[in-house]
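Subject: Structure handover

Hi,

Here is the structure I promised to pass on. My notes follow below it.

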Amino acid sequence: MISHRDSIRVKLNEGKYEEYKNLSICKINDFYRLGSGKIKYQVHCDNRSKFSQLYDDIEEAIDQYFELRRRIK
């Protein structure tokens, strides 16, 4: 059985994204052309505690996604 964390990693690598309420995670390169050419992952939240940050490391981005998700449940 695949974990939720693994399913998010697979989605991101397939050009998809994950959303929960006002929280999302995506590989931003699939939506915007970045001048650096580096792969970046974005964690974005539009609730009371606004948050948006880019990450080079997919694991770090997923960690942040789950941390924020726990807070908004």
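Y17, F31 and Y32 form a nonpolar patch on the surface. Together they have about 360 Å² of accessible area. Patches here are made of residues with over 30% relative accessible area and no salt bridge; nonpolar side chains (Val, Leu, Ile, Met, Phe, Trp, Tyr) are joined within 5 Å, and like charges within 9 Å. Areas come from the Shrake-Rupley method with a 1.4 Å probe, and for residues only the protein chains shown count as cover. A salt bridge is a side-chain nitrogen of Lys or Arg within 4 Å of a carboxyl oxygen of Asp or Glu.

A word on the source. This is a predicted model, where local features need pLDDT of at least 70 and side-chain atom pairs count only at pLDDT 80 or more, while totals for chains, interfaces and linings use all residues. Residues are numbered from 1 along each chain as its sequence is written, and side-chain values use heavy atoms, with hydrogens and water left out.

Aromatic pairs

Rings of Phe, Tyr and Trp (its six-membered ring) pair if their centres lie within 6.5 Å; planes under 30 degrees apart count as stacked, over 60 as edge-to-face and the rest as tilted. By this rule there are two aromatic pairs. One is Y17 with F31, an edge-to-face pair with 6.2 Å centre to centre and 65° between the planes. Y17 lies in strand β1 (residues 17-20), and F31 in the loop between β2 (23-27) and β3 (41-45), so this pair ties together parts that are 14 residues apart in sequence. Helices (H or I, at least four residues) and strands (E, at least two) are DSSP runs, numbered from the N terminus.

The cut-offs are: buried under 20% relative accessible area, exposed over 50%, partly exposed in between (1.4 Å probe, protein chains only).

Y65 and F66 also form an edge-to-face pair, with 5.6 Å centre to centre and 75° between the planes. Y65 is buried, with a relative accessible area of 0%. F66 is buried at 16%.

One more ring deserves a look. The charged end of R69 sits over the ring of Y20, 4.0 Å from its centre. That label requires NZ of Lys or CZ of Arg within 6 Å of the ring centre and within 35 degrees of the ring normal.

The core

A nonpolar core is a set of buried Ala, Val, Leu, Ile, Met, Phe, Trp, Tyr and Cys residues joined through side-chain atoms within 4.5 Å. The largest one has 16 residues. Which members touch the most others? They are I8, L12, L23, I25, V43, I62 and Y65. At least two residues of this core come from each of α1 (4-13), β2, β3 and α2 (58-72). Helix α2 gives the most, with seven residues.

Salt bridges

The count comes to eight salt bridges. One joins D6 and R9, at 2.5 Å from N to O. D6 and R9 are three residues apart in helix α1, so about one helical turn separates them. Both are partly exposed: D6 has a relative accessible area of 29%, and R9 has 21%.

R9 also meets E59, with the closest N and O atoms 2.7 Å apart. E59 lies in helix α2 and R9 in helix α1, so this bridge ties together parts that are 50 residues apart in sequence. E59 is partly exposed at 26%. R5, D6, R9, E59 and D63 are linked in a network of salt bridges.

K16 and E14 form another bridge, at 3.5 Å from N to O. K16 is partly exposed at 45% relative accessibility. E14 counts as exposed, at 52%.

The loop between β1 and β2

K21 is found in this loop. Its phi is near 50°, a positive value in a residue other than glycine. K21 is exposed, with a relative accessible area of 57%. N22 lies in the loop between β1 and β2 as well, and is partly exposed at 45%. The C-alpha atoms of N22 and R48 are separated by 9.8 Å. Along the chain, N22 and R48 are 26 residues apart.

Best wishes
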